[in-house]
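Student: I have a structure open and would like to learn how to read its features. Could we go through them one at a time?

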Amino acid sequence: FSDILDAVYFIDRGNKARGRGSGKEATDINVASTARRIRTLLERSGNIEGRRDATDSTRTSISNLRIDILRLLSSLARAYPKAMAGQWAFFLEETMLAYDPLSSPLKSASSGLTASSPLLVTFIQSGDSKGKVAAMEAGRALICALPLKLWFGLGSRRDGRRTFTGTTSLASRVAKALGQLLAALKSAVLVSTEQISSDEIVIEACTIVEVVIQTEPFLYDATLALALTDLLDTLRMLIIKQLSKSPSRDTVAVVIIRAFVKGTGGTINPKGDLIPLSKPVEEWLSRAENRKFLFRLFSMLVKPLDEMLPSSGCGDGNNEDDNFLFTSNVSIREEAGTLLMLVLRMAPSILGFGDVDSGWTPHVFSSAVQSLLGDIDPKRRQLGLQFVRHYVQGRNDFLSEEISPFVCEAFGSVLLRALGDTNAGIRSSSAATYGLF
């Protein structure tokens, strides 16, 4: 059944790509009835697995079966997203279930019902790695099926800001459900301060973060924004662990940084609007430890690789005052560079916090960029120009004061010298950047 639904999804996606789709969703099956049956199967699997008299083999068999059921749920949400949007509460919202005396949930003495966490949250918080990933994939498929921007009443303006047009009980319920899901993800990706979850769990969690950030429901619910900010804090800790202690998991670091990039905005969408800095990332940047982390990434990119011995970046991964991070992985360095440029573009005030401990001071920043612009490697000179351009663009757009003497004195002369660079790309970039002054 899952394979058939996946085929329906891929055929429909192919038709839309070729312009052959009708725009209407086929109703080959009763989606609501199928969703209810899936929910019943998931509830029963939890009850059977929680019975005190269940054997280990029974629990293993049920756990494997539940993975297949969750896969079916994911396939159904992808194949029929519009129909499944009305069924979200079955899987993402708290419910009251009939009490099973042989299972372990807390009994409500007055009603004989059990106060139950959302089904998918329950399975994300318990079970093995494969079961958690399957539950997370199902949650992502459901979120993608929901018209969240419509439900939260969000519009857009060309100045890059979002407007919120109203509040509804539906929006409140969805915001609460998403907050619970994000809290479950936080506990799933970092089991303890010493133990990191599997790559698959972290990668799937980052994928969900990207999906939620792009819907921007945070103007409606500040608690939801805080929940995602806390999750981003946890992901920042994971990057430090990846680059300080576990270089073999470089792929995870790339995925985590990419999730931050999605939330930083700074790019132009197909409608020509500037994608704004999301509320969770804005709150995340206000925390000193996160600005310090970004400066550690900046230091990693500024310092030449041949001067960075791997030993200089290896701490125990638990102390954020360990030496700056190190990696020679090209993908990580590129994603880190993209993140830093977007932060300078969308939050240029990072240099104005007066936070000497974090490293982000105008003098340190200008010295580092001038070092890049004076390097013999044209790629590093280009990197320095990109940092300057994004920062000046951000000042022009988001800071009311004119370009400060600091900017002109720090970068004006080196940009003029770069106009005579032997590399044509650097000459072009230098002229474009100088034109922003």
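Tutor: Gladly. Let us begin with burial: a residue is buried under 20% relative accessible area, exposed over 50% and partly exposed in between, using a 1.4 Å probe and protein chains only. Please keep in mind that this is a predicted model, where local features need pLDDT of at least 70, side-chain atom pairs count only at pLDDT 80 or more, and totals for chains, interfaces and linings use all residues. Residues are numbered from 1 along each chain as its sequence is written, and side-chain values use heavy atoms, with hydrogens and water left out.

Student: Is D6 buried or exposed?

Tutor: D6 has a relative accessible area of 13%, so it is buried. This residue is found in helix α1 (residues 2-17); helices here are DSSP runs of H or I with at least four residues, numbered from the N terminus. Contact means heavy atoms within 4.5 Å. Neighbours within four places in sequence aside, D6 is in contact with R71, S75 and R78.

Student: How do I read the length of a helix, say α2?

Tutor: The expected span is 1.5 Å times one less than the number of residues. Helix α2 (residues 31-50) has 20 residues, and its first and last C-alpha atoms are 29 Å apart, close to the 28 Å expected. Its buried residues include V31, A32, I38 and L42.

Student: What happens at the start of α2?

Tutor: There, a side-chain oxygen of N30 comes to within 3.4 Å of the backbone nitrogen of A32.

Student: How many disulfides are there?

Tutor: A disulfide is a covalent bond between the sulfur atoms of two cysteines. The test is a pair of cysteine sulfur atoms within 2.5 Å, and by this rule the count is 0. As for individual cysteines, C144 is exposed because its relative accessibility is 51%, whereas C206 is buried at 0%.

Student: And how are aromatic pairs described?

Tutor: The description uses the distance of the centres and the angle of the planes. Rings of Phe, Tyr and Trp (its six-membered ring) pair if their centres lie within 6.5 Å; planes under 30 degrees apart are stacked, over 60 edge-to-face and the rest tilted. The count here comes to 11 aromatic pairs. One of them joins F90 and F91 edge-to-face, at 6.4 Å centre to centre and 85 degrees between the planes. F90 is partly exposed at 23% relative accessibility, while F91 is buried at 0%. W284 and F293 also pair edge-to-face, at 6.3 Å and 80 degrees.

Student: How many salt bridges does a search of the whole structure find?

Tutor: A salt bridge needs a side-chain nitrogen of Lys or Arg within 4 Å of a carboxyl oxygen of Asp or Glu, and the search finds 17. R287 and D230 form one of them (3.5 Å, N to O). R287 lies in the loop between α13 (279-285) and α14 (288-302) and D230 in helix α11 (residues 222-244), so the pair ties together parts 57 residues apart in sequence.

Student: Which residues are linked with these two in a network?

Tutor: The salt-bridge network links D230, D233, R236, E283 and R287. Within it, D233 and R236 meet at 3.3 Å, N to O. Because they are 3 residues apart in helix α11, about one helical turn separates D233 and R236. Both D233 and R236 are buried.

Terms used
Helix = DSSP H or I, 4+ residues; strand = E, 2+ residues; numbered from the N terminus. Polar contact = N/O pair within 3.5 Å; in protein donor to acceptor, adjacent residues only side chain to side chain.
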